[in-house]
Amino acid sequence: GAQPGTARWSLRLAGIGESEAAARLVDVEKALAADPGASIDYLPGPALLEVRLAVHRSSADDARRALQGHVDAAVHALGEELYGQDEDTLASVVIRSLVARQATCAIAESLTGGLVGAAITDVPGSSAAFLGAVVAYATELKAQLLGVPPAHLAERGAVDPSTAVLMAEGVRDRLAATFGLATTGVAGPDPQEGRPPGTVHVAVAGPGGHRVRSLELPGDRDFVRRLTVVLALDLLRRTLAGDESLGSFVRRRL
């Protein structure tokens, strides 16, 4: 367990691998290596990464003070892939960000089948910002429930970046939310509409327009679906963060 003079801190990242994070933290790693009581560990997950920093001193206060400098340097070095710290999840950061703006979100899910909504409603107090989700799994429901034009679906199909955008705009409009978030794609194991498993499109629609991200994801059906949840929430987080993505971390002291 932690000794009295040990201070620990976790930084949480999305959409970045361990090697890229380590490359950005090369100076922080050097500073920690020069400190006999310090360590840095990388704990990767699906599209997520936790970076743990620890410092040991003779007293807890000394350890905290020493750790703060390393944390501040790491925050500045990591960039916009940094989404939170310690117990933060992507969903909790999104909810906090929405509440701070007095904004709301609604979700249109296809391949994720309700997993994004489940991740958001795992957050206590999410009802302050989350209105609801439409799971439009069948292609015709994307037209009936979300207002995606049938002619568009006939021409472009359900698995298309433009369809993801129309789904996000449709759920935003129909649930009267500030932001709409949508997922569509092929989880596998079989191709769909001639597109291979792992083809995924996530989109956000908001007051400032829309953003869409298209990916070819590796892995089995379960992995593709879980990864899509991370990518969708991260796209919404980045949209909400705008230019403020780093400010909140530097201001929150240990």
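At 0% relative accessibility, L78 counts as buried, a label given to residues under 20% relative accessible area, with exposed meaning over 50% and partly exposed in between, for a 1.4 Å probe and protein chains only. The model is a predicted one, in which local features need pLDDT of at least 70 and side-chain atom pairs count only at pLDDT 80 or more, while totals for chains, interfaces and linings use all residues. Residues are numbered from 1 along each chain as its sequence is written, and side-chain values use heavy atoms, with hydrogens and water left out.

L78 belongs to helix 3, residues 60–78; helices (H or I, at least four residues) and strands (E, at least two) are DSSP runs numbered from the N terminus. Leaving aside neighbours within four places in sequence, L78 is in contact with L11, L13, A21, R24 and L25, where contact means heavy atoms within 4.5 Å. L78 and L43 are 35 residues apart in sequence, and their C-alpha atoms lie 15 Å apart in space.

An open sheet of 4 strands runs in the order 2-3-1-4 with antiparallel pairing, two strands being paired if DSSP finds at least two bridges between them. Its edge strands, each pairing on one side only, are strand 2 (38–45) and strand 4, and the twist averages 20° from one strand to the next. Helix 3 packs on this sheet, touching strand 1, strand 3 and strand 4, and its direction makes about 15° with that of strand 1; axes here are lines fitted to C-alpha atoms, for helices over the stretch in contact, and angles run from 0 to 180 degrees between N-to-C directions.

Strand 1 (residues 6–14) and strand 3 (residues 48–56) pair in the antiparallel sense over 9 bridges, and W9 has L53 in strand 3 as its bridge partner.

D88 sits in the loop between strand 4 (82–85) and helix 4, and counts as buried at 8% relative accessibility. The side chain of D88 reaches the backbone nitrogen of Q85 at 2.8 Å.

A second open sheet, of 5 strands, has the order 6-5-7-8-9 with mixed pairing. Strand 6 (130–135) and strand 9 (209–216) are its edge strands, each pairing on one side only. Helix 9 packs on this sheet through strand 5, strand 7, strand 8 and strand 9, its direction making about 25° with that of strand 8. Strand 7 and strand 8 pair in the antiparallel sense over 6 bridges, with L181 opposite V204 in strand 8.

## Nonpolar cores

The largest nonpolar core has 34 residues, and those with the most contacts inside it are L98, I120, F179 and L236; such a core is a set of buried Ala, Val, Leu, Ile, Met, Phe, Trp, Tyr and Cys residues joined through side-chain atoms within 4.5 Å. Helix 9 gives the most to this core, with 10 residues. Not counting residues up to four places away in sequence, I120 touches A91, I95, C105, I107, S126, F130 and L233. Apart from this core lies another, of 23 residues, among them L13, L25, Y42 and V55.

## Confidence

The mean pLDDT of the protein is 93, and 94% of its residues reach 70 or more, pLDDT being the predictor's confidence in each residue, from 0 to 100. Over residues 243–254, however, pLDDT stays under 50, and the model has 22 contacts beyond four places in sequence for them. Where pLDDT is low, the predicted coordinates should not be read in detail.

Notes:
Polar contact = N/O pair within 3.5 Å; in protein donor to acceptor, adjacent residues only side chain to side chain.
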